[in-house]
Amino acid sequence: AAVVLALAFGWVVTRPEAQQPTTRISVRVPDDQGPVATFDISADGSLMVYMMLREGENSRTLWARRWDGLDATRIPGSEGGTIPAISPDGEEVAFFAGGTIRVFPLRGGVSRSLAGESLPGSVLRWGPEGRWVYFQARSSNFFYRVPAEGGPVELIAPFEMSPNRSNQWFDILPNG
């Protein structure tokens with residue numbers, strides 16, 4: 001019995017892990033939409049939010065595409081939106097629109113403004129825990145954060161501007 005138990009234990013410990021299936025997806029962009037300009041993919045890979053400029057329109061809009069669905073859907077209230085950033089739990093998307101940061105619940109609902117000030121930005125990221133939204137102000141090249149539920153904007157990293165220096169495409173490390 002001990003030998004059989006030892007063999008069974010050895011087989012469980014040394015057996016190769018089951019290979020994960022390969023998933024291939026296609027992003028079919030409707031003919032009346034231009035190329036994808038900015039986008040974000042959810043942490044679990046099940047969703048992509050992207051910015052599009054539709055033919056005949058002068059305004060950017062955001063679209064959400066879940067891989068288990070057939071088509072992308074327009075995100076209501078995202079007119080003029082750019083730089084989408086999906087929350088760590090995949091439930092919300094933050095984006096710049098009209099000089100402010102807006103957040104929209106991806107399962108439906110009403111969007112909210114996180115920063116009521118005129119803050120044109122060039123990069124937007126959620127913190128790993130989803131409590132903060134970090135952004136870079138294009139005009140100053142400084143890095144800021146704002147609570148995900150809204151509140152005062154906090155300067156976290158001022159950088160001196162120079163002709164040969166630029167700070168772009170940052171990301172937030174675990175623990176902020």
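## Strand 1 and its sheet

I41 stands opposite M48 in strand 2. Strand 1 and strand 2 (residues 47-53) run antiparallel and are joined by three bridges. Two strands count as paired if DSSP finds at least two bridges between them. Strands (E, at least two residues) and helices (H or I, at least four) are DSSP runs, numbered from the N terminus.

These strands belong to an open sheet of four, in the order 1-2-3-4, with antiparallel pairing. Strand 1 and strand 4 (73-74) each have a single partner strand and stand at the edges, so one side of each is left without a neighbour in the sheet. Strands of a sheet pair through backbone hydrogen bonds, either parallel or antiparallel.

## Model and overall make-up

This is a predicted model: local features need pLDDT of at least 70, side-chain atom pairs count only at pLDDT 80 or more, and totals for chains, interfaces and linings use all residues. Residues are numbered from 1 along each chain as its sequence is written, and side-chain values use heavy atoms, with hydrogens and water left out.

The protein holds one helix and twelve strands. From the N terminus on, the elements run α-β-β-β-β-β-β-β-β-β-β-β-β. Of the 176 residues, 38% are buried. Buried means under 20% relative accessible area, exposed over 50%, and partly exposed in between (1.4 Å probe, protein chains only). Contact means heavy atoms within 4.5 Å. Among contacts between residues at least 6 apart in sequence, 31% join residues at least 24 apart.

Strand 11 (residues 143-147) is mostly covered, with five of its five residues buried. F143, R145 and P147 point one way from the strand. Y144 and V146 point the other way.

Strand 10 (residues 132-137) runs antiparallel to strand 11, joined by five bridges. Here V133 has V146 of strand 11 as its bridge partner. Strand 12 (residues 154-157) also pairs with strand 11 in the antiparallel sense, over three bridges. F143 has its bridge partner, A157, in strand 12. The hairpin of strand 11 and strand 12 has six residues between the strands, and G150 takes a positive phi near 100° there.

## W126

W126 lies in strand 9. W126 is buried, with a relative accessible area of 9%. The C-alpha atoms of W126 and V146 are separated by 9.8 Å, while the two residues are 20 apart along the chain.

Not counting residues up to four places away in sequence, W126 touches residues including A85, I86, V103, V133, A148 and I172. The side chain of W126 also reaches the backbone oxygen of A85 at 2.7 Å.

## The largest pocket

About 360 Å³ of space lies in the largest pocket. A pocket is an open set of points on a 1 Å grid over the protein atoms alone, where a 1.4 Å probe fits, with protein on both sides within 12 Å along at least five of seven lines. Lining residues have an atom within 4 Å of a point. Grid points are joined across faces, edges and corners, and the volume is the space filled by probe spheres set on them.

The lining has 19 residues, and D40, I86, R125, W126 and D171 are the closest to the pocket centre. Strand 1 (39-41), strand 5 (82-86) and strand 9 (121-126) each supply at least two lining residues. Strand 5 gives the largest share, four residues. By class, the lining divides into twelve nonpolar, four polar and three charged residues. Ala, Val, Leu, Ile, Met, Phe, Trp, Tyr, Cys and Pro count as nonpolar, Asp, Glu, Lys and Arg as charged, and the others, Gly among them, as polar.

Notes: A polar contact is a pair of N or O atoms within 3.5 Å; within protein, one must be able to donate a hydrogen and the other to accept it, and residues adjacent in sequence count only if both atoms are side-chain atoms.
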